[in-house]
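Subject: Model handover and notes

Hello,

Please find the model below, followed by my notes on it. The terms are given with their cut-offs where they come up.

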Amino acid sequence: MLARVRSGALMGIDAVVVECEVDMALGLPYFNVVGLPEGAVRESKVRVISALKNCGFELPSKRITVNLAPADIRKEGAAFELPIALGVLAAAKLMEEEPLSRYLFGGELSLDGGVKPIKGVLPLAVAARDGGYQGVMVPAANAAEAALVAGIHVLAVHHLREAVDHLTGERPLAPFTREDCSPPPSRGRQTALDMSDVRGQADVKTALELAAAGGHNILMCGPPGSGKTMLARRLPGILPAMTFDEALEVTKIYSVLGLLGDEQTMMRERPFRAPHHTISDAGLVGGGPATRPGELSLAHHGVLFLDELPEFRKNVLEVLRQPLEEGTIHLARAVQHVTYPCRVMLVAAMNPCPCGFFNVPGRRCSCQEFRVHDYHSRVSGPLMDRIDITLQTRPVEYHHIARNDGEEPTSAYYRERVEAARARQRFRFRDEPGVYCNAQMPTRLLHRYCKLSQKAGRKLEKAMEQYGLSARAHDRILKLALTRADLEGHERIEDADVHLAIDCRQIDRRTWLHTNTLGGPPPWQEGVNPPPRPGRAPQSPDDS
């Protein structure tokens, strides 16, 4: 007596269809699960037998073998208990097998037959749609999440007996429906953190607006108390609302990790993740024994904020290079290979030196030359190349702090401009799947969309020669200039757009570590050559 039921196993943020084969044969009563099950799956046999008995089903005293195919994929979690229980009933001829072939099943069973919520229901629903199944049968607590996928029936069950009654035709269930699965419009969105709370720093706010409009990475370097963290935490408030496709991608990641709240079935706001600087490389990009997503993927289509950037371990920062460039992270382990999406806006903050006052007007740095050099060398040149906007923040002047006239621009003002720029970009990339903003634009599209005026082209050429910027920096300046043109409504990239994009790469310039804003020599001894720019070869004296 053999029965087959289909479920799903998670591979990254996608589900692979798993066939639960249940064989019931003569022999001593025994229940065995094979097919590379991990601990929770092996324990499921105890809960399945208890649930079936407590629901009133009398099973024959035979040897039961459950095979989870394909056998080379690790099976984790308790989602296989509902399909195994239904397969046992079909193998025992207590119900027909034919209705089981129409759906994918997933659910954890309690000892009394109750169906508990599980992780990864959204990928299971996507697998059912892509596999041509009629729908899914999932716990009632996960039904709204599964209903985000259009084109399939979602059957919500609270108890094992409900599932059996529907499949036998005794009490059919009505498919679960959701009237509106779209994220709410961004207009009128309220947030507790508003840009108007930040006094002064108009140039930094402009840079954040530019970053938000094009999805660009940004690094703020300045003394303690200059508002770096305060500004970064208000950045999500000026970002446009996610499209439905973006929200669905983010929700899949949070569904796999079980991070969706009880009342939350879809991620509607762009994520903001701010890991501590003691995080490991596996915690940041993903991995571990179960190869789970890391903070980088949890910030997908949102903001990854790294405060005190040089305090992160160097190996942790270096693993960001490829993901920031490609928008995906590939994890190769002995048992499986998975790929997670990680299209993020990297927002980083750091002090200019260990004491925090190098190159700060009115303050004198107490750090020795080698300490300033070592502090900046913790952030490598290749990583800096992947950051579009690098700027210095200054201490807030007293007249800005004392102002109480309510004239600081609000987040709603910046968000309106950002949304207008993003609308132009969505139209521009309407035929490019997976590209939502200028920062995600592949190199092959640069010459098509980045049209420079003659004066703008000459300015960019001069900047490349003067500051020794790399080819990657050249492409990122072009993207940044295009974003500025979108904000201002220019049909092509003008001279002012390129000028602002170059100004937004302050820390890339060779003279940044060589200049004191007070007009005098650097805070180390006069007559001693300053250290070279970290990650670059020493330059000639003429360059400083």
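Helices (H or I, at least four residues) and strands (E, at least two) are DSSP runs, numbered from the N terminus. The model is a predicted one, in which local features need pLDDT of at least 70 and side-chain atom pairs count only at pLDDT 80 or more, while totals for chains, interfaces and linings use all residues. Residues are numbered from 1 along each chain as its sequence is written, and side-chain values use heavy atoms, with hydrogens and water left out.

Overall

The protein chain contains 20 helices and 18 strands. Of its 544 residues, 53% are buried, where buried means under 20% relative accessible area, exposed means over 50%, and partly exposed lies in between (1.4 Å probe, protein chains only). Among the contacts in the protein chain with a separation of 6 or more, 74% are between residues 24 or more positions apart; contact means heavy atoms within 4.5 Å.

Helix H2 and helix H5

Two packed helices are described by the angle between their axes and the distance between the axes. For helix H2 (residues 81-91) and helix H5 (residues 160-168), the angle is about 50° and the axes are 11 Å apart. Axes here are lines fitted to C-alpha atoms, for helices over the stretch in contact, and angles run from 0 to 180 degrees between N-to-C directions. H2 and H5 are therefore oblique to each other; angles under 35 degrees count as roughly parallel, over 145 as roughly antiparallel, 65 to 115 as roughly perpendicular and the rest as oblique.

H2 passes H5 in a right-handed crossing. A crossing is right-handed if the near helix is turned clockwise from the far one by less than a right angle, and left-handed if anticlockwise. On the H2 side the contact is made by Leu-82, Ala-85, Leu-86 and Leu-89, which meet Leu-160, Ala-163, Val-164 and Leu-167 of H5. By class, the residues of this contact of H2 with H5 are 8 nonpolar, no polar and no charged. Ala, Val, Leu, Ile, Met, Phe, Trp, Tyr, Cys and Pro count as nonpolar, Asp, Glu, Lys and Arg as charged, and the others, Gly among them, as polar.

An α-helix has 3.6 residues a turn, so residues three or four places apart point the same way. In H2, 11 of the 11 residues are buried, so H2 is largely enclosed by the rest of the structure. The buried residues of H2 include Glu-81, Pro-83 and Gly-87.

His-166 also lies in helix H5. His-166 is buried, with a relative accessible area of 15%. Not counting residues up to four places away in sequence, His-166 touches Tyr-103, Met-137, Leu-155, Arg-171, Pro-172 and Leu-173.

Helix H16 (residues 411-428) has 18 residues and spans 25 Å from its first C-alpha to its last, close to the 26 Å expected at 1.5 Å a residue. The expected span is 1.5 Å times one less than the number of residues in the helix. Among the buried residues of H16 are Tyr-414, Arg-415, Glu-419 and Arg-422. The buried residues of H16 pack against helix H6 (202-214), helix H17 (446-449) and helix H19 (471-488).

H16 and H19 pack at an angle of about 115°, with their axes 8 Å apart, and their crossing is right-handed. In this contact, Arg-417, Val-418, Ala-421, Arg-424, Gln-425 and Arg-428 of H16 meet Leu-482, Thr-483, Asp-486, Leu-487 and Glu-488 of H19. The residues of the contact of H16 with H19 divide into 4 nonpolar, 2 polar and 5 charged.

Backbone points to check

Most residues other than glycine have a negative phi, and most peptide bonds are trans. These are the exceptions I noted:

- The peptide bond from Ala-69 to Pro-70 is cis, with omega near 5°; Pro-70 sits in the loop between strand E4 (63-69) and H2.
- Gln-201, in the loop between H5 and H6, has a positive phi near 55° and counts as buried at 10% relative accessibility.
- His-301, in the loop between helix H10 (295-298) and strand E14 (303-306), has a positive phi near 60° and counts as buried at 5% relative accessibility.

Regards
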